[in-house]
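Here is a briefing on one protein chain. Look at the fold first, then read the points below.

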Amino acid sequence: MKTQASALTDDFNDPLITIEEDEDAREEDLWFLPGPLEEEPDDLPPGPRAEPPDTAVIEDWAKAEGVHAAQLARVAGRLGALDDRLLRGPEGWRHRLALIEAANLSWLNGDRVSSDRLALWISMRLSGAQDDPNALARVGWAVRRLTGGPGPKADLAAFLDRRDPENIEDSAERFEDRAGGWLDVMTAAADLHPITRACMGFHLWSLAGLGQHGDQMEAAVTASRIAVSDGSSAIFAPLAMGGAGGLRVSGLPTERLARWLDGMNSAILTAMRTLDNIEAWTGRAENVMAQLSGRTPVALRRTFSQWPLVSAPMAEAMTGASRAAVQRNLAWMEASGLIREVTGQGRYRMWRIDN
């Protein structure tokens, strides 16, 4: 009987190669299997990318600051000169500049409150039939924040007079969280110049969800305080009294900072000219009124240097003098060409300095 030869023992020299070749041949026949991963085309849409951190925007503003370093230095120098002048001048100068700045900022919201009307409302709570009480209240808030009090970095909610309601829903976004996010970015930008940091904060205001019905006045007032947050005695940096072009929201950080610096430069020059006029008038009034005795003439000069518009009841309240003494000195000052009456009425008369 003849024994059948085994296929496994026919060739002992290369058995494994035969097996691997057979497996490769069988895999080539499996046409329905996908190819190697490196040969597969990437036809899938890109997935969601991680959001950059909130502080990533600081790099753009740091680059903008480097581009405008020379202009920033000039504006900072002029702001320092204004600061020094206010430090040496009477306290009323700051108040008068704050009235002018707040009145100009009111145009950002379309309120268009003049400094004269604002002065009457703040001093005597007097308003005309055409005045919007809410608008006057908003501008009055701006004057209070521009003339003193803790800055926005201490407590932004208290600075803005805004708090979350007690019955706020759990799913609603809280104002404290939005304010905290904005403050975190401002704190992270501590290496930037205060003027640059103020510009950045103004333009990030609405992105942080802090805007209230398009209200830009809050953002501008907050920025004006941040611009002098290095300890300046000016309390605020003028932004709008030379025109609101620097507060226009458009363009890249480099363009926005350039407009901001131009606008602040114009505002500072306007503030300096205003102080020049007040100082010149005060010197002339002191010489003309040197022959008058008593404390009422001195108090009236101080009142007119602080307020753009003064009435007899307002002067009586500000000076503490009697109605007869106030009216007698007002009539003398008007006859001497120091002040002029602007209402043209027999009652409710108003005066302003006559340069």
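Contact means heavy atoms within 4.5 Å. This is a predicted model: local features need pLDDT of at least 70, side-chain atom pairs count only at pLDDT 80 or more, and totals for chains, interfaces and linings use all residues. Residues are numbered from 1 along each chain as its sequence is written, and side-chain values use heavy atoms, with hydrogens and water left out.

**Overall make-up**

- The protein chain has 14 helices and 3 strands. Both are DSSP runs numbered from the N terminus (helices H or I, at least four residues; strands E, at least two).
- Of the 355 residues in the protein chain, 42% are buried. Buried means under 20% relative accessible area, exposed over 50%, and partly exposed in between (1.4 Å probe, protein chains only).
- Take the contacts between residues at least 6 apart in sequence: 66% of them join residues at least 24 apart.

**Helix α9**

- The buried residues of α9 include P194, R197, C199, F202 and L204.
- They pack against α2 (57-67), α3 (69-88), α8 (175-188), α10 (217-226) and α11 (253-288).

**The sheet and its helices**

- An open sheet is formed by 3 strands in the order β1-β3-β2, with antiparallel pairing. Two strands pair if DSSP finds at least two bridges between them.
- β1 (310-311) and β2 (339-341) stand at the edges, each with a single partner strand, so one side of each has no neighbour in the sheet.
- β2 pairs with β3 (residues 350-353) in the antiparallel sense over 3 bridges. Here I339 stands opposite I353 in β3.
- Helix α14 (residues 323-335) packs on the sheet and touches β2 and β3; its direction makes about 105° with that of β2.
- Helix α12 (residues 296-306) lies across β1, β2 and β3, at about 85° to β3. Axes are lines fitted to C-alpha atoms, for helices over the stretch in contact, and angles run from 0 to 180 degrees between N-to-C directions.

**V310**

- V310 sits in strand β1. It is buried, at a relative accessible area of 0%.
- Beyond neighbours within four places in sequence, V310 is in contact with T303, F304, A315, R349, M350 and W351.
- V310 and E341 are 31 residues apart along the chain, with their C-alpha atoms separated by 9.4 Å.

**D111**

- D111 is in the loop between α4 and α5 (115-124). It counts as buried at 17% relative accessibility.
- Neighbours within four places in sequence aside, D111 is in contact with S106, A135 and R138.

**Cavity**

- The structure holds 1 cavity of 30 Å³ or more. On a 1 Å grid over the protein atoms alone, a cavity is a set of points where a 1.4 Å probe fits but cannot get out; lining residues have an atom within 4 Å of a point.
- The largest cavity has about 40 Å³ of space. Grid points are joined across faces, edges and corners, and a volume is the space filled by probe spheres set on the points.
- Its lining consists of L82, L86, R94, L97, A234, F236 and P238. α3 and α4 (91-105) each supply at least two residues of that lining.

Notes. 1 Å grid on protein atoms, 1.4 Å probe; cavity = no way out; pocket = protein on both sides within 12 Å on 5 of 7 lines; lining within 4 Å.
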